[in-house]
Amino acid sequence: MKTDMTARMSAFARGYYASLAGAEAVYADGAARLLLSPEEWEAMEQSLYDGAAFFGADGAGERQAVVGRILLGQLAATPVYRAAFIERALRGEARLGTRQYAILGCGLDGFSACRPPWAADIRVFALDRAEVLEDRAERLRRAGVPEDAETRVPAELLSQDPLAPLLDCPSFDRTARCFFSLAGVLQYLPHDAAERLFAGIGRLAAGTAVAFDCPMAHGAADAGRERRAAMAAAAGTPMREEWTCRSLEAALERAGLLIHEYCAPKQIEAQFGSKKAAPDRRLPAESGVSLVLAVKRPQ
């Protein structure tokens with residue numbers, strides 16, 4: 001298994017949430033079931049059910065109900081809300097002429113498997129470690145996704161020049177604007193590595209944009225976040241430092257990027273939360289995680 005458990009659980013959370021929420025889903029991820037095998041889906045569902053006590057969740061009732069409570073209460077919010085935020089931002093940038101989309105740390109991102117009609121002419125670049133991309137390619141092949149749905153680019157996000165492989169890709173146009181996704185990436189990068197990514201993005205064409213979820217220091221203890229951090233560490237992907245509004249804004253400013261949109265948890269729920277969802281199907285935003293869209297300022 002070359003795709004880590006964190007990426008698989010993120011895909012599972014998006015897909016399981018969509019099946020629970022139905023028509024009232026904040027983000028209807030149709031790709032997760034395609035990219036995860038039935039055996040993986042079953043194993044993750046059973047693991048969450050068996051681990052209800054670890055999550056402090058009510059373990060009474062049928063398996064789907066127990067797993068649903070865990071996902072809605074603790075695991076699904078950030079994967080679902082950031083997917084909705086990033087896709088909305090990409091659509092907005094596409095209206096402005098962006099035709100390149102780079103998914104950094106792509107893991108099991110489902111955009112190429114379920115591309116919306118408005119994105120038909122966008123060229124997708126999927127960046128991750130070589131072994132992850134090999135596994136991703138096989139999953140997409142099994143799902144019947146055409147080979148040319150994306151260009152896969154092996155890259156190490158912790159390297160000194162993380163975007164060099166993308167810039168060297170013959171089909172990538174350095175002179176044209178590009179939209180970057182950093183979904184679920186910043187929480188696993190030390191600040192210096194994140195700043196190298198921002199700097200690389202900031203050297204590209206004016207109008208280039210980047211959207212991401214960001215772990216923000218908020219002072220209050222959060223048992224749910226501590227559990228997620230323990231799960232990430234056990235999966236071999238330990239969480240790194242949090243950011244403050246000032247440190248994030250300064251890092252982006254140094255890279256020539258300006259914050260165009262910033263959504264704290266209350267704004268996330270107000271903009272994306274389904275007001276029609278039944279009380280037991282509502283998705284509270286994760287405390288301490290904000291969603292950000294930054295754009296390369298004109299020269």
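This is a predicted model: local features need pLDDT of at least 70, side-chain atom pairs count only at pLDDT 80 or more; totals for chains, interfaces and linings use all residues.
Residues are numbered from 1 along each chain as its sequence is written, and side-chain values use heavy atoms, leaving out hydrogens and water.

**Stop 1: the sheet.** Show the strands (DSSP E runs of at least two residues; helices are H or I runs of at least four, and both are numbered from the N terminus). You will find an open sheet of 7 strands in the order 3-2-1-4-5-7-6, with mixed pairing; strands pair if DSSP finds at least two bridges between them. Its edges are strand 3 (151-154) and strand 6 (257-263).

Now select residues 100-104 and 179-182: these are strand 1 and strand 4, parallel and joined by 3 bridges. Y101 has F179 as its bridge partner in strand 4.

**Stop 2: a helix across the strands.** Select 245-254, helix 10, which lies across strands 5, 6 and 7 and runs at about 145° to strand 6. Angles run from 0 to 180 degrees between N-to-C directions, with axes fitted to C-alpha atoms, for helices over the stretch in contact (heavy atoms within 4.5 Å).

**Stop 3: charged pairs.** Pick D121 and R99, a salt bridge with its closest N and O atoms 3.0 Å apart (the rule: a Lys or Arg side-chain nitrogen within 4 Å of an Asp or Glu carboxyl oxygen). D121 sits in the loop between strand 1 and strand 2, and R99 in the loop between helix 5 and strand 1.
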